[in-house]
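Subject: Model handover

Hello,

Here is the model we discussed. Please look it over with the notes below.

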Amino acid sequence: MIEHAGHLPGLSRETLRWRKVSHSAWGESATIALPELDEAQAAALCAHVRSNARARLKRMDTARIVAAIDAAIARLLDRAHPLRRKAEYLLPIVTGYDRETVRLGLTGYLKTFRRPQLLRFLAEDFANPAVLDGFQPTPKGGYLRAHGPELLLHVWAGNVPALSLWSLICGLLVKAGSIGKLASAEPLTAGWFASLITEIDPELGECLAIVWWKGGEAAAEPVFLREANTVMAYAGNDTLEALRAKLPITTRFLPHGHKIGFGVIAREALDSRKAPALARLAAHDVARYEQQGCYSPQMLFVERGGRVSPAEFARYVARELGALAHRHPRRALSQGEATSIVAWRGAQEIRALDGGTELFGEPSDTWSIVHVDAAEDLSPTGLNRTLKLVSVESLDDVPALVAPHRSFLQTAGVAAAPERLFRLAEGLGAVGVTRIAPLGRMTAPEAGWHHDGRFSLLDLVTLTEVEQSAEAAAEGFAPYVD
Amino acid sequence: MTQAEIIEALLAFIALPDASEAEFEAMALKVFAYQFRNNEPYKRFALQRGRTPLSVRRWRDIPAVPITAFKDLTLSCSPPEAAERVFMTSGTTQGIRGRSYHPTLAVWSRSMLVNFRKRFMRGRERIRMGILFPDETELPNSSLAHYLGLARRECGTPDSEVFIGTAGLDFDRLLPTLAQAEASGEPYALLGASYSFVPLMDALAASGRRFSLPEGSLILDTGGFKGQSRELGPDEFYDGLAAAFGVPRSSCINMYGMTELSSQLYDDGNAACPSVKSGPHWIRSRVIDPLTGADLPEGQRGVIVHHDLAHFNCVSAILTEDAGEIVPGGFKLFGRVDGEASKGCSVAVAEFLAAARG
């Protein structure tokens, strides 16, 4: 079977070139056809989305958009819906994650975009979300109105299923005509979502397009980069830098670089009752999406002095990862990924020769943990269920250990008593951490999350102010003026 | 065995015309026992893997250390400060260089020469050489500089020359020398790092100059491009050499060596790429699945492990970072298996290190 990716209003499938890519995993295979647009098609698509956004989307009430998204998400949450079934069937083949990981992950994630949560997104960024629909009075006097860009380009990365929905939905909420560039590693969900939106509200469906091109190579790329008013991009820093260099200076660029996540566990969380449960949650964060997410933990800092020592806690986590390996088998790895693991593990093994380092798991296991008995700086692991656990004297040491890598920091999973949670959050925030989550929830950010410490919606809009004095001056020209 | 005994045994082993699997195995186990007893970090590594001279019965079970270990550990069976020579890797990750300690260069040099005569000289006693790599006085810690120095001394004619100095490639001397070699009718050999050939080919192409070196001329390149020149694909590279110097691709030989070994591996020319590489009878190569460490069958791609008995003072069994597959007569090399940047939005080690280096 061939699944056509993308959503291309105004273009007919027959006139496009399609690049077929085969994926296989779990003994099944699928062929995905990715659209390859030429310059003229790209230009036509940009014009179509822009003019529809201008003529239709900009005039819609936010409530209508919220309703359409809510309805589309409801269908994707319905396990009997054909698209949901297709997603559950195809995403494991394309991304390699096991069926249960995909199923559970989809449900948990999609729940972030139902109506109440969408209202949360709006409320997080706008004191009065009605500014998206019309001028609203402001406290200082005068009136304020927010406009999303006419053409917002999303450049997605990563194989975490459905990750693209986050920015796509944010774009819709601010009434941006949206064009999304699919990631080769997960080229499906965004197109399916767009087709559902089209089914529910055809006018809205004309205001978004989902495309694909090979980064840096395609004829269509310059067109999209030139036409977009705002570009939201997810990629490694090198790719982002190259992308930024290609954009006109007047284009707003919102980059999200790759990140490294870590956990912090306080001694009060380490007794024989709490530690095993925590270990399970930590293992869950590690195994879910194979540490491919920016929020996935690669290292755990564990405080000494609890009833359960860091070394014992490492054993708990090892046991949980072992158990998870059965329930949620690791996806098949490319040679490069396998090499990353082996190189990381080899380096840990060499270090272990000098003592103070303990390695858990056999090389042939689908997970590895190393426990280092002396505090050390944050560093990435080999990914795909490789974790480093580091003993620290005190939680207060942790900010300094992660501080050198400020530009890579984002999510910290923390298990600590309230007072210490806030003290730690102060320290971590000061060195660049932007999200504190409990263990077990690191890979599932809340609705309205300020991704990388930025505004999901507010960063996308421009504000138009009618100054108080302008309103007063206008009075002078009214037909009813005395 | 004492150091003197192991050296003597190895020199005798290298002197054999060939070695059977059983003979290689017997020698490999002796070398392993020697390294296990005298190289403390390697002993700990082997114990961690549950391997000792008592439990290891096959050469394939001798634990191979990851090549990065040469950066982190002092792997030497004799006091490192007493080494006659220390070879260091050029590649630096965070400023740390891998080191191989040699209490004597007797075994290294014997291994190099016997193998070089067989694979490169092909029965010829001497050939006039042009060397495109700095010499040993300039790079005393470079195993390649030592290799090329030895090649020139033992197998080069007296008018052989080095054409790279502190100022870089000396075109003013090299081009007339090549022209003279072309006119002389005597075979000529150009040897050097792969990346040294690139600016030379570029300069010749820019001036429209081509050489047609006499029949029997040879080219030896090694080491790849290492960011020192632009990267060329193998076909582009060997086509370029053949065009620039008139040396057919079948006479362009690639040497595959590393600081962490004492022997080299060669192909028999690069008429077709990737060529098949093989070593002398005192080195054996395996291809393994990096995750399980298991040997892969012929034709399946994995990571290369070398067991080089001549590297007796350090560790003979090393796990490289090179991808390859076993084929009849040797193995095919596919270059470095790079740790892949993650497919997701996590930071992977490579990106992190790049950022740390600034």
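Contact here means heavy atoms within 4.5 Å. Axes are lines fitted to C-alpha atoms, for helices over the stretch in contact, with angles from 0 to 180 degrees between N-to-C directions. Helices (H or I, at least four residues) and strands (E, at least two) are DSSP runs, numbered from the N terminus.

This is a predicted model, in which local features need pLDDT of at least 70, side-chain atom pairs count only at pLDDT 80 or more, and totals for chains, interfaces and linings use all residues. Residues are numbered from 1 along each chain as its sequence is written, chains are lettered from A and ligands numbered from 1 in the order written, and side-chain values use heavy atoms, without hydrogens or water.

The sheet in chain B comes first. It is open, has six strands with mixed pairing, and runs β5-β4-β8-β9-β10-β11. Strands pair if DSSP finds at least two bridges between them. β5 (161-162) and β11 (265-266) of chain B are the edges; each has a single partner strand, so one side of each lacks a neighbour in the sheet. β4(B) (residues 128-132) and β8(B) (residues 188-193) pair in the parallel sense over five bridges. G130(B) has L190(B) in β8(B) as its bridge partner.

Two helices contact this sheet. α5(B) (residues 106-121) touches β4, β8, β9 (218-222), β10 (252-256) and β11 of chain B, at about 125 degrees to β9(B). α9(B) (residues 234-245) lies across β8, β9 and β10 of chain B, at about 145 degrees to β9(B).

Next, a helix pair. α7(B) (residues 171-184) packs on α8(B) (residues 194-207) at about 70 degrees, axes 13 Å apart. That makes the two roughly perpendicular (65 to 115 degrees). F171(B), L174(B) and L175(B) of α7(B) meet P199(B), L200(B), A203(B) and L204(B) of α8(B).

Now the domains. Chain B has domain 1 (3-95 + 282-356) and domain 2 (107-266), with bounds from an automatic or database domain assignment. Their C-alpha centres lie 27 Å apart. Domain 1 of chain B gives 25 residues to the contact and domain 2 of chain B gives 21 residues. They bury about 2,100 Å², 66% of it on carbon and sulfur atoms. Buried area is the accessible area (1.4 Å probe) that two parts lose on being put together, summed over both.

Last, the chains. Chain A puts 41 residues into the contact and chain B 31 residues. The buried area is about 3,200 Å², with 62% from carbon and sulfur atoms. Q335(A), I350(A) and L353(A) supply 21% of what chain A buries against chain B, more than any other three residues.

Best wishes

Terms used
Parallel < 35°, antiparallel > 145°, perpendicular 65-115°, else oblique.
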